[in-house]
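Please look through the sequence and the model first.

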Amino acid sequence: MQRNGIKMKEGEKDLLSLNDDRGVVFNIQRFSIHDGPGIRSTVFLKGCALNCPWCQNPESIRLLPEIITRDIKCIKSGKCADICPQGAISLAEGLRVIDWEKCDYCLKCAEVCPSKSIEVAGEHKSVDEVIEEVEKDSSYYRRTGGGMTISGGDPLVQWRFTLALLQKARQKGIHTALDTTGYARWEVLDDILNYTNLVLYDIKHMDSAKHKEATGVPNEPILDNLLKTVKKPEVKVWIRYPIIPGFNDQEEELEKLCEFVITLGPTVEKISLLPFHKFGELKYTATGKVYAYRDCTPLSDERVEELKGLISSHGLHTEIGK
Ligand code: SF4
Ligand code: SF4
């Protein structure tokens, strides 16, 4: 299966949903201030059912670990080419070149690369290993009202692992947030929300056909799940709306978003506007993927402020970037 350069083996998506003690984590970001209230540790899990062409973490979409390259660190030792069982690596005129079509993510090249020019994105970790890392900043959480956020990718892909992480954090008295697409069976999300204080819930487009065209999935399950989520008064919701030029930045789209959010009631505390940027661009080449937004110009600060004003004019609380 291959979409937009993201390769997945058949059955890969099911591998980890069966496992509740170990998951694939690609980063734990301490002292995060953009993924919920206070100072937080954000645990980034691999795997996403969507495949947004603007994604800032393209290394997060595939479920299993993969290689990520940094050409500037390459010392042309050739060890990677020698060990690659697929013959996917060549040294042409002294440059290391990877034929990504041939790569099957065996990770052997990363193991032998002496200069760490090829590394692995994603690591199998246990619930206890993750929570041990998260607990290092417990004193900051207490002082600032922070806690742990599970992000990705989408944490609902490795949902059993996500559930186990949230349960463990809850036992330890750590505030929990879930940063999600909302794309899952309701039974799964419902269970997870029992251990979640705050959901950062993505809406990318109100039109299902356009949503599907861009992300690969329709938006009905996402909006249906959101309608059910807001009926849980113990869970707070922040809507996250990535503003993607030409896709969902038109005023009429923002109007439709506001009309929908108004119906959701007080559980929704705010709409976070996340302006498109290109900080993730290099990671596409580094992981053998295609970046469709190379020529896209981000919106000006003034335009983003205008869109924020439009949302505020509906009496909805909104912030930029948080
Ligand atoms: S990860 Fe890909 S490029 Fe690296 S050794 Fe394996 S098949 Fe070759
Ligand atoms: S939903 Fe988020 S993580 Fe998944 S592909 Fe889209 S932007 Fe990336």
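## Strands, ligands and salt bridges

Strand E4 and strand E10 (residues 147-151) run parallel and are joined by five bridges. Strands (E, at least two residues) and helices (H or I, at least four residues) are DSSP runs numbered from the N terminus, and two strands pair if DSSP finds at least two bridges between them. The model is predicted, so local features need pLDDT of at least 70 and side-chain atom pairs count only at pLDDT 80 or more, while totals for chains, interfaces and linings use all residues. Residues are numbered from 1 along each chain as its sequence is written, chains are lettered from A and ligands numbered from 1 in the order in which they are written, and side-chain values use heavy atoms, with hydrogens and water left out.

**Strand E4 and its partners.** In E10, threonine 149 is the bridge partner of threonine 42. E4 is also joined to E3 by five bridges, and these two strands run antiparallel. Here threonine 42 in E4 is the bridge partner of glutamine 29. Six of the six residues of E4 are buried, so the strand is largely enclosed by the rest of the structure. Buried means under 20% relative accessible area, exposed over 50%, and partly exposed in between (1.4 Å probe, protein chains only). In a regular strand the side chains alternate between the two faces of the sheet. In E4, Arg40, Thr42 and Phe44 point one way, Ser41, Val43 and Leu45 point the other way, and all are buried.

**From E10 to E11.** E10 pairs with E11 in the parallel sense over four bridges, and glycine 147 stands opposite histidine 175 in E11. Strand E11 (residues 175-180) has five of its six residues buried, so it too is largely enclosed by the rest of the structure. The peptide bond from glycine 152 to glycine 153 is cis, with omega near 20°. Glycine 153 lies in the loop between E10 and H6.

**The two ligands.** Glycine 153 is also one of the residues that surround ligand 2, together with Cys48, Leu50, Asn51, Cys52, Cys55, Ser60, Ile61, Thr181 and Lys204. A residue counts as near a molecule if one of its heavy atoms lies within 4 Å of it. The shell around ligand 2 divides into five nonpolar residues, four polar and one charged. In this division Ala, Val, Leu, Ile, Met, Phe, Trp, Tyr, Cys and Pro count as nonpolar, Asp, Glu, Lys and Arg as charged, and the others, Gly among them, as polar. Around ligand 1 are Ile67, Cys84, Pro85, Gln86, Ile89, Cys103, Asp104, Tyr105, Cys106, Leu107 and Cys109. The shell around ligand 1 has nine nonpolar residues, one polar and one charged.

**Positive phi values.** Leucine 107, a residue of the ligand 1 shell, has a positive phi of about 75° although it is not a glycine. Leucine 107 is found in the loop between E7 and helix H3 (108-112), and at 18% relative accessibility it counts as buried. Phenylalanine 31, in strand E3, has a positive phi near 60°. At 41% relative accessibility, phenylalanine 31 counts as partly exposed. Glutamate 93 takes a positive phi near 50° in the hairpin of E6 and E7, which has two residues between the strands. Strand E6 (residues 89-92) and strand E7 (residues 95-98) pair in the antiparallel sense over four bridges, with serine 90 opposite valine 97 in E7.

**Salt bridges.** A salt bridge is a side-chain nitrogen of Lys or Arg within 4 Å of a carboxyl oxygen of Asp or Glu. By this rule the count comes to 19 salt bridges. The table gives some of them.

| Arginine 240 | Aspartate 35 | 3.5 Å |

Arginine 294 lies in the loop between helix H11 (281-286) and helix H12 (301-312), and glutamate 281 lies in helix H11, 13 residues apart. At 45% relative accessibility, arginine 294 counts as partly exposed. Aspartate 35 and arginine 240 are both buried. Asp35, Asp179 and Arg240 are linked in a network of salt bridges.
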